[in-house]
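Hi everyone, thanks for making time for this. I'd like to walk you through a structure that may be new to you, so please have a look at it first.

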Amino acid sequence: MPFLSSAKKVGKRIIGYPEEIVPVVSVKEWVSDQASSPKQRLVDYVISLFPVLQWITRYNFQWLTGDLIAGLTVGIVVVPQGMSYATIATLPPEYGLYSSFVGVAIYWLFATSKDVSIGPVAVMSLTVSQVIKHVQAAHPNEWSGPTIASTLALITGFIVLGIGLLRIGWLVEFIPLPAVSGFMTGSAINIAAGQVPGLMGITGFDTRAATYHVIINTLKGLPRTQLDAAWGLTGLVTLYAIRMLCDFLSRRYPRKGKTVPAGFKHIGTPSMERKLLTALAPELPVSTIILLLEHIAISKSFGRLNGYKINPNQELIAIGVTNTVGSCFGAYPATGSFSRSALKAKSGVRTPAAGVVTGIIVIVALYGLTPAFFWIPTAGLSAVIIHAVADLVTSPSQVYSFWRVSPLEFFIWVASVIITIFSSIENGIYTAICVSLALLLIRLAHPRGSFMGRVKVTTNYLDSKAIETHEVFVPYSKKNVNPHLHIEPPLPGVIVYRFEESYLYPNCSLINDALVDHVRENLRRGKDMSNIRAGDRPWNDPGPRHDTSISEQDDNLKKPDLHAIVLDFSQVSHIDTTAVQSLIDTRSTVERWADHPVEFHFATVLSPWIRRALIAGGFGIGISSSGILPDLASVVPYGENSTNFIATQDVNLAHDLESGSVKKSHDESESQSESSEPIISQDTPFFHIDLVSAVRAAESGIGRSIPY
């Protein structure tokens with residue numbers, strides 16, 4: 001209809017719709033790609049929730065043997081550790097056994113790590129004790145410690161489960177290794193310091209206070225040491241003696257008290273009172289962060305050590321389900337344990353099913369061994385805790401590696417440890433996360449960029465006398481290359497610049513400034529300012545003074561005329577609206593300086609969305625002054641015998657290369673059967689497949705008229 005057609009034309013004119021359309025990726029294509037095969041995606045998603053289905057059908061006797069040994073070994077350790085960690089959480093010992101059982105009994109169904117052992121851990125137990133302390137201080141005599149702990153397990157479990165189901169576990173990646181290591185080290189020192197009074201039988205002060213207070217009060221209380229120290233120190237020395245003996249044997253012979261009620265006495269629905277949930281709300285962020293962060297860090301570590309890859313989202317689902325279900329058994333928050341996971345891995349575990357064996361051991365302990373727990377002294381449990389948390393302290397070699405790799409991250413580690421010791425775990429982890437994110441933003445906002453020059457590289461092959469020569473581009477600074485290299489600049493009038501970060505709104509102004517300042521300092525100004533009256537000159541760029549204008553104009557004429565700017569986009573993965581506008585401003589500024597149009601060439605623009613954004617900004621399109629034809633590449637031939645043709649061509653080509661020559665008949669047959677097409681669309685002559693091609697195209701246009 002004429003009216004509709006006219007309305008479309010007016011609408012396109014209003015929004016600035018281009019008259020010549022260059023094919024680019026569309027939002028419709030992206031949506032259709034994401035929405036393709038929804039049923040199959042849903043089926044795959046549901047199946048992915050149960051990784052056990054991928055390996056349970058291949059379970060065999062050899063795997064069973066390894067799982068039995070590992071499960072029994074971890075089970076023997078988890079019983080005293082679980083009771084000990086419950087005392088850190090200021091809970092009765094049986095609650096540690098509840099958490100231990102639910103963790104190992106459920107995790108294996110959802111796990112993607114065979115080594116990780118779920119259950120009560122030192123840092124989470126300390127956090128639970130702090131949460132109980134804060135809630136009871138604000139609402140005295142309203143809820144017991146176990147009630148608060150179970151409700152905390154339910155809420156944090158739901159949060160982590162939601163993160164896993166929504167597949168946003170990548171948020172954890174924003175917290176770097178030094179930050180995790182720092183708060184783990186500070187927490188381990190905090191826990192160990194809090195257990196020394198129990199080890200020595202010293203009482204009379206709050207062991208949940210700031211670490212430095214606990215250490216000072218412990219030193220003051222040494223004269224009040226009780227007979228408990230005989231049990232505690234002896235047990236601690238014995239544990240380390242056994243450990244050193246086992247370490248020695250593994251190197252020498254390597255191989256590829258309180259009454260504890262029996263059974264589950266506290267099964268039931270966790271309290272969901274609005275008042276309790278409100279009281280817990282301020283404590284949820286740090287509890288959730290520790291719950292998921294410690295587990296992901298441990299599971300990734302053991303995955304790297306033992307040659308498999310974990311799925312972070314699925315691991316979050318596993319601990320989310322574990323804590324949600326565990327809260328109904330009276331369990332408090334549980335996550336991955338470093339010490340038990342290391343023991344499990346060293347015991348030769350083969351599959352996550354080893355957790356079932358560990359769960360059986362915990363059940364037996366709960367129903368058959370509880371009378372014996374009465375005779376376990378508190379000092380003995382303190383010795384078990386100190387021995388276990390010692391593994392969480394970062395080794396000196398690891399700390400030194402932080403300094404060697406990134407001194408700034410080393411200081412993040414130091415700050416995290418100090419704040420955790422002198423303040424609290426909560427402040428320590430918040431500080432580490434905030435400083436890490438600030439460092440990330442600073443690095444994003446201040447990227448490195450460099451002007452490039454070419455170096456001719458010669459490659460000699462040892463197995464033949466063949467010599468290959470090619471060009472590479474390196475920064476003029478020579479910081480990471482041989483300082484004696486001769487770096488040849490591009491031809492006069494061409495600038496080559498490389499970004500080392502995505503081109504986004506926080507950093508685009510710096511890149512703009514770098515290009516504009518370089519042009520003004522090294523390239524000729526197109527307009528002779530000496531012929532322009534002072535009143536007609538812009539206030540921010542008045543040009544030379546009248547008494548020095550002649551000499552300055554002579555110096556200006558000695559500089560090369562700007563022809564083209566080549567931008568290496570090989571390290572640019574994203575670009576946004578602000579960056580494109582900044583690039584437009586850069587083009588306007590340098591063209592105003594040169595007083596004529598300037599070509600902008602882009603190398604290695606492989607992302608279709610970056611290509612779309614640049615074209616929308618008016619880049620890449622137009623008529624190039626380049627004297628080089630587009631780069632061509634062979635097109636896969638079509639037809640019934642295409643597969644045999646390709647195979648025959650490959651064999652013949654290999655034979656020809658080995659003989660040092662390519663036969664003419666081969667070239668003729670290839671030209672008859674194969675066709676060549678440009679690698680980059682001819683609609684965008686300023687986009688190039690690599691930097692060498694981009695620079696050659698820009699240099700070949702020097703002196704040629706640009707048809708604008």
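**Where two helices meet**

Let's begin with a contact: Pro 285, Val 286, Ile 289, Ile 290 and Leu 293 in helix H13 touch Ile 425, Glu 426, Ile 429, Tyr 430 and Ile 433 in helix H21. Sorted by kind, the residues of this contact are nine nonpolar, no polar and one charged. Before I go on, please keep in mind that this is a predicted model.

How do we describe such a pair? Two packed helices are described by the angle between their axes and the distance between the axes. Here, H13 covers residues 284–306 and H21 covers residues 425–445, and their axes come within 10 Å and cross at roughly 70°. H13 and H21 are therefore roughly perpendicular to each other. As for the spacing of the residues, an α-helix has 3.6 residues a turn, so residues three or four places apart point the same way.

Now over to the rings. The count comes to 19 aromatic pairs. One of them joins Phe 600 and Phe 619 edge-to-face, at 5.7 Å centre to centre and with 65° between the planes. Phe 600 sits in strand E7 and Phe 619 in the loop between helix H25 and strand E8, so the pair ties together parts that are 19 residues apart in sequence. Are these two buried or exposed? Both Phe 600 and Phe 619 are buried.

Phe 619 has another neighbour to point out: Arg 587 lies over the face of its ring, 4.2 Å from the ring centre. And Phe 600 and Phe 619 belong to one aromatic cluster, together with Phe 451, Tyr 497, Phe 499, Tyr 503, Phe 569, Phe 602 and Phe 687.

Next, please find helix H28, residues 691–700. Eight of its ten residues are buried, so H28 is largely enclosed by the rest of the structure. The buried ones are Leu 691, Val 692, Ser 693, Ala 694, Val 695, Ala 697, Ala 698 and Glu 699. What do they pack against? Strands E3, E4, E5, E6, E7 and E10. You'll remember E7 as the strand that holds Phe 600.

My last stop is a glycine. Gly 145 is found in helix H8, residues 145–165. Gly 145 is buried, with a relative accessible area of 9%. Leaving out residues up to four places away in sequence, Gly 145 touches Leu 91, Ile 132 and Gln 136. Its C-alpha atom is separated by 8.4 Å from that of Ser 129, 16 residues apart along the chain.

Terms used
Residues are numbered from 1 along each chain as its sequence is written. This is a predicted model: local features need pLDDT of at least 70, side-chain atom pairs count only at pLDDT 80 or more; totals for chains, interfaces and linings use all residues. Side-chain values use heavy atoms; hydrogens and water are left out. Rings of Phe, Tyr and Trp (its six-membered ring) pair if their centres lie within 6.5 Å; planes under 30 degrees apart count as stacked, over 60 as edge-to-face and the rest as tilted. Helices (H or I, at least four residues) and strands (E, at least two) are DSSP runs, numbered from the N terminus. Buried means under 20% relative accessible area, exposed over 50%, partly exposed in between (1.4 Å probe, protein chains only). A charge sits over a ring if NZ of Lys or CZ of Arg is within 6 Å of the ring centre and within 35 degrees of the ring normal. Axes are lines fitted to C-alpha atoms, for helices over the stretch in contact, and angles run from 0 to 180 degrees between N-to-C directions. Angles under 35 degrees count as roughly parallel, over 145 as roughly antiparallel, 65 to 115 as roughly perpendicular and the rest as oblique. Contact means heavy atoms within 4.5 Å. Ala, Val, Leu, Ile, Met, Phe, Trp, Tyr, Cys and Pro count as nonpolar, Asp, Glu, Lys and Arg as charged, and the others, Gly among them, as polar.
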